Amino acid sequence: QVQLVESGGGSVQAGGSLRLSCVASGFDFSRNTMYWFRQTPGNKREWVAFISNRGDTDFADSVKGRFSMSRDNDRNTAYLQMNSLKPEDSAVYFCHALNDWGQGTQVTVSS
């Protein structure tokens with residue numbers, strides 16, 4: 001079965017950086033687009049970024065220019081590099097592929 005395991009969240013001050021990882025198993029990672037979403041309490045889960053199987057990326061306007069995404073097909077891992085973090089980036093970040101989700105990793109940015 002599909003498994004997605006996120007890691008790398010934590011607490012940082014505004015302007016800091018974090019790198020999230022999503023280790024995938026149970027499907028052909030190299031052939032699939034990988035997504036990151038985020039969610040804050042009481043709000044819908046919102047799309048943040050994706051990387052296609054060819055390495056094409058796109059980002060939500062709110063993070064464009066600050067976040068980047070990459071993948072390592074040998075390690076079945078997708079990464080979200082988050083720079084210049086803002087307090088409004090605080091959320092639980094989820095990895096998504098096919099119809100499945102990871103358990104999420106908390107990111108907290110203090111001002």
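**Charges, strands and rings**

D58 has a relative accessibility of 31%, so D58 counts as partly exposed. For that term, buried is under 20% relative accessible area, exposed is over 50%, and partly exposed is in between, with a 1.4 Å probe and protein chains only.

Before going on, a word on the source: this is a predicted model, where local features need pLDDT of at least 70 and side-chain atom pairs count only at pLDDT 80 or more, while totals for chains, interfaces and linings use all residues. Residues are numbered from 1 along each chain as its sequence is written, and side-chain values use heavy atoms, with hydrogens and water left out.

Back to D58. D58 forms a salt bridge with K64, and the closest N and O atoms are 3.9 Å apart. A salt bridge here is a side-chain nitrogen of Lys or Arg within 4 Å of a carboxyl oxygen of Asp or Glu. K64 also meets D61 in a salt bridge, at 3.4 Å from N to O. K64 is partly exposed, because its relative accessibility is 47%. D61, at 67%, counts as exposed.

How many salt bridges does the structure hold? There are eight. One of them joins R38 to D89, with the closest N and O atoms 3.0 Å apart. R38 lies in strand 4 and D89 in the loop between strand 8 (77–82) and strand 9, so this pair ties together parts that are 51 residues apart in sequence. Are these two residues buried or exposed? R38 is buried at 6% relative accessibility, and D89 is buried at 1%. R38 and D89 also belong to a network of salt bridges, linked with E46 and R66.

Now the strands. Helices (H or I, at least four residues) and strands (E, at least two) are DSSP runs, numbered from the N terminus. Two strands pair if DSSP finds at least two bridges between them. Strand 4, residues 34–39, runs antiparallel to strand 5, residues 46–51, and five bridges join them. The two form a hairpin with six residues between them, and G42 in the turn has a positive phi of about 80°. Within this pairing, F37 stands opposite W47. Strand 4 also pairs with strand 9, residues 91–97, in the antiparallel sense over five bridges. There, Y35 has H96 as its bridge partner.

Next, the rings. Rings of Phe, Tyr and Trp (its six-membered ring) pair if their centres lie within 6.5 Å; planes under 30 degrees apart count as stacked, over 60 as edge-to-face and the rest as tilted. By this rule there are five aromatic pairs. Y35 and F37 have ring centres 6.4 Å apart and planes at 45°, so the pair is tilted. Y35 is partly exposed at 28% relative accessibility, whereas F37 is buried at 15%. F94 and W101 have ring centres 6.5 Å apart and planes at 90°, so that pair is edge-to-face. F94 is buried, at 8%, and W101 is partly exposed, at 37%. Ring pairs link Y35, F37, W47, F50, F94 and W101 into a cluster.

Which rings does R45 lie over? R45 lies over the face of F94, 3.6 Å from the ring centre, and its charged end sits over the ring of W101, 4.6 Å from the centre. The rule is that NZ of Lys or CZ of Arg is within 6 Å of the ring centre and within 35 degrees of the ring normal.
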